[in-house]
Amino acid sequence: MSVFGDVPLAPPVAVFKLSADFREDGHPQKVNLGVGAYRTDDCQPWVLPVVKKVERLIVEDAGLNHEYLPILGLPEFRSASSKVALGDGSAAIKDGRVGGVQALGGTGALRIGAEFLRRWYNGVNNTATPVYVSAPTWENHNSVFADAGFKDIRPYHYWDAAKRGLDLAGLLDDLEKAPEHSVFVLHACAHNPTGTDPTREEWKQISEIMKRRSLFVFFDSAYQGFASGDLDKDAWAIRYFVSEGFELFIAQSFSKNFGLYNERVGYLTVVARDSENLSRTLSQMEKIVRTTWSNPPSQGARIVSKTLNCPELFAEWKSNVKTMADRVLLMRDQLKAKLQALGTPGTWDHITQQIGMFSFTGLNRECDHAHTHTHTHTHKELALPVCQWQPLKKMFLNNSSLLLKIRLFCYLVPPLFTKRSYIINMFELINVVLCACVDTNVRTGRRSESLMSRMIRSS
Ligand SMILES: Cc1ncc(COP(=O)(O)O)c(C=O)c1O
């Protein structure tokens, strides 16, 4: 009898399972629409040119070694990270009331912040303090706070499915009704998975209620630069809240905007009332880090700090970030234009109205079907990382296999007719028949596109 005999099998983590399935899928035209990672036109990961350059500098720097870093992290990385979030001229930084902890990615920053709040926020032992996360949100938010010991994790209204936009009234109402001192996790920009952020006016309304009701602001900033291509614009909400006098946390991730996914480089910025509160807070965070990872890894932090602290490299990084953000915007335009050109029913404006890495399509069915028959690996909610649209587009529009196109079509279209199940069944039937056929290449892409349009119209 094993000592592990009673261990239940945990379900796989969905996004990593999708990537594993993708790797195992031998189909030459497979597409991974699960993982939130940037891809080039050729569906390849992109090592930012500035990162390559800095990596060479690091290799050649004879002054560097592999000694342990301080528990709270590389000092020049720490100051530069806070500055990129709060801005060059931040009054809070000048006042000496901003500090933080180098962390293992944005996830590590969230976890250290959550652990600290549970232990010390507003008195000790906060297991019963409500923590609010947006509905929907990045799936790990709930687990990070639950594993840190919070027992009362609640959704706040965010996404209005009918209007495919922000449910501002619901969100403000939840803020008004939340118990005082509740913790609110707010996506700083490029909300994952809806791609929908509050406007500046809406942020002001959110801030006004949060201040009046003494609610704690925990920003998750995983996509600074990805929303607009401009680091300062994307940090507007954070800087506004700081200017309004909030004490707050910001979990920053450099995974996406530096493309340093596997280096696990993140930072928890702490903005406190004054330097004395900051010192005590950081002293407790040091204790948490000591028993968690003891001290952080250096490579990612060196890359980020060398880049942020050198004006030329910083300028180059900003231009690399803009390249990624612009490509995402282009993919949005092209996706919408093609759906419209095909006469696909429904409105597709939300694709270009949303921003950042993800597009919340609202489609939610047939994913398993899509997975099996089109080699397209997606989340159940079909929140698509838009930068990866290109390969899907190529497959959908340029590939000469009529069969493949109709399979894709059958996967993309039926969810639009949710109340008309007979249509869904009809498409299913077509698909099953086609899947039973031998792949026949029909060299006229146009013909199959117009066939799809006709099929949509005739339904
Ligand atoms: C909203 C949000 N927060 C945090 C993270 C975690 O980032 P990291 O990979 O740096 O841990 C992600 C990653 O996808 C995210 O989307």
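Residues are numbered from 1 along each chain as its sequence is written, and side-chain values use heavy atoms, with hydrogens and water left out. In this predicted model, local features need pLDDT of at least 70 and side-chain atom pairs count only at pLDDT 80 or more, while totals for chains, interfaces and linings use all residues.

Visitor: How many Å apart are the end C-alpha atoms of helix α5?
Guide: Helices are DSSP runs of H or I with at least four residues, numbered from the N terminus. Helix α5 holds 16 residues, 105-120.

Visitor: How many residues of α5 are buried?
Guide: Buried means under 20% relative accessible area, exposed over 50%, and partly exposed in between (1.4 Å probe, protein chains only). Gly 105, Leu 110 and Phe 116 are among the buried residues of α5. The helix is mostly covered, and of its 16 residues the number buried is 12.

Visitor: Which element gives the most residues to the shell around the ligand?
Guide: A residue is near a molecule if one of its heavy atoms lies within 4 Å of it. The residues around the ligand include Gly 105, Gly 106, Thr 107 and Trp 138. With three residues, the element that gives the most is α5.

Visitor: How far is an oxygen atom of the ligand from an N or O atom in the side chain of Thr 107?
Guide: A polar contact is a pair of N or O atoms within 3.5 Å; within protein, one must be able to donate a hydrogen and the other to accept it, and residues adjacent in sequence count only if both atoms are side-chain atoms. For the side chain of Asn 192, the distance to a ligand oxygen is 2.7 Å. For Thr 107 it is 2.5 Å.

Visitor: Which residue forms a salt bridge with Asp 61?
Guide: A salt bridge is a side-chain nitrogen of Lys or Arg within 4 Å of a carboxyl oxygen of Asp or Glu. The closest N and O atoms of the pair are 3.4 Å apart. The pair links distant parts of the chain, with Asp 61 in the loop between α2 (49-60) and α3 (75-86) and its partner in helix α12 (residues 299-308), 245 residues apart. That partner is Lys 306.

Visitor: Is Arg 97 buried or exposed?
Guide: Arg 97 forms a salt bridge with Asp 95. Asp 95 is exposed, at a relative accessible area of 51%. Arg 97 has a relative accessible area of 14%, so it counts as buried.

How values were computed:
Helix = DSSP H or I, 4+ residues; strand = E, 2+ residues; numbered from the N terminus. Expected span 1.5 Å × (residues − 1).
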